Amino acid sequence: MACASGAGKRGDAAVPGGAAAKAGLFDAHVHTELAACAEDITAAAAFARFRELGVGFGFAEHADQLYFPRQGYFEKFEVESGSLAAMRESSRAGHNRFGRYRELVAPFAAEGVPVGIEAEAAEDGPGLGVLEDDLAGWDYVIGAVHEFRGMGSRGRTEPMADLERDFMQQTEKLCRAGVSVYAHPFRIFGRRGREIPKHLYRPVAEMLAAHKVAAEINFHTNRPDPEFFALCLELGVRLSIGSDSHAMWEVGGLEKHLALLGELGAAGRLGEALWRPPCAKR
Ligand SMILES: [Zn+2]
Ligand SMILES: [Zn+2]
């Protein structure tokens, strides 16, 4: 994929997104029409909107979803989407959509837009939930915990100790696999109606620091805790900005991200505090 050339023209502070453009924020987490959970977003419309706003961005599509048909994904395929064996099987059946994703983003990559994927830890392997051929050629990988593995109620009723163990195991797998960014830290707990285990803030931040993984500020159905991100900055962990846009109304809406950076006292030193995709190919 191509090098990051940043945004086109700089936005004006009077238009939405202008402040984000002025601050030089880079939104590394934007989905496309290939996501099963996409609303009205398309790669072309997002590209046009970001260029209009003057905000730099990169696409990062859900890797697990690209192995299965978009239609009926949540009803039929999501349950096995963490399994490499299921990905192989589905690819053999002709459902692998990585080729379509590469084709879709190629014109934007040619315009300097970095392109990555959002991957989970494999349920049945030591690394990422992505087959080897499909992992090659991306500018960056965002690692995410979207599910608690092997739990009947998907984390709604199981003992917290079990959820915490599974969460830390997945987080460590992602870090060891060399992801660049750790998506929406701790969001999974809130999604399952559980308490956020704040005592894990330090172990997670230390793990990110040790593996040089950036922590993502992400407000998509999520409320990032400033306490965790302050700890990240203290330990030298860079912060990545992710709108996690699935709909066009979310594109360029980085005001909350900017406010949180201000709250953290990082607004004046964004150059060193923020992660951006490296120019070099992976
Ligand atoms: Zn995610
Ligand atoms: Zn996402």
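1. H7 passes H9 in a right-handed crossing. The model is a predicted one. H7 covers residues 160-176 and H9 covers residues 201-211; they pack at an angle of about 10°, with 10 Å between their axes. Angles under 35 degrees count as roughly parallel, and H7 and H9 are therefore roughly parallel to each other.

2. The contact of these two helices can be listed by residue. From H7 come Met168, Thr171, Glu172 and Cys175, and from H9 come Pro203, Val204, Met207, Leu208 and His211. By type, the residues of this contact of H7 with H9 are 6 nonpolar, 2 polar and 1 charged.

3. Helix H10 spans residues 226-234, and within it Phe228, Phe229 and Cys232 are buried. These residues lie on the same side of H10, because the arc they cover around the axis is only 95°. Glu227 and Glu234 sit on the other side of H10 and are exposed.

4. A last point concerns the backbone after H10. Gly236 follows this helix, and the phi of Gly236 is positive, near 85°.

Technical notes: Residues numbered from 1 in each chain as written. Chains lettered and ligands numbered in written order. Predicted model: local features only at pLDDT ≥ 70, side-chain atom pairs only at ≥ 80, totals over all residues. Axes fitted to C-alpha atoms, helices over the stretch in contact; angles between N-to-C directions. Helix = DSSP H or I, 4+ residues; strand = E, 2+ residues; numbered from the N terminus. Parallel < 35°, antiparallel > 145°, perpendicular 65-115°, else oblique. Left-handed = near helix turned anticlockwise from the far one by under 90°. Contact = placed C-beta atoms within 7 Å. Nonpolar A, V, L, I, M, F, W, Y, C, P; charged D, E, K, R; others polar. Buried ≥ 20, exposed ≤ 12 C-beta atoms within 10 Å, placed from the backbone. Arc of directions from axis to C-beta.
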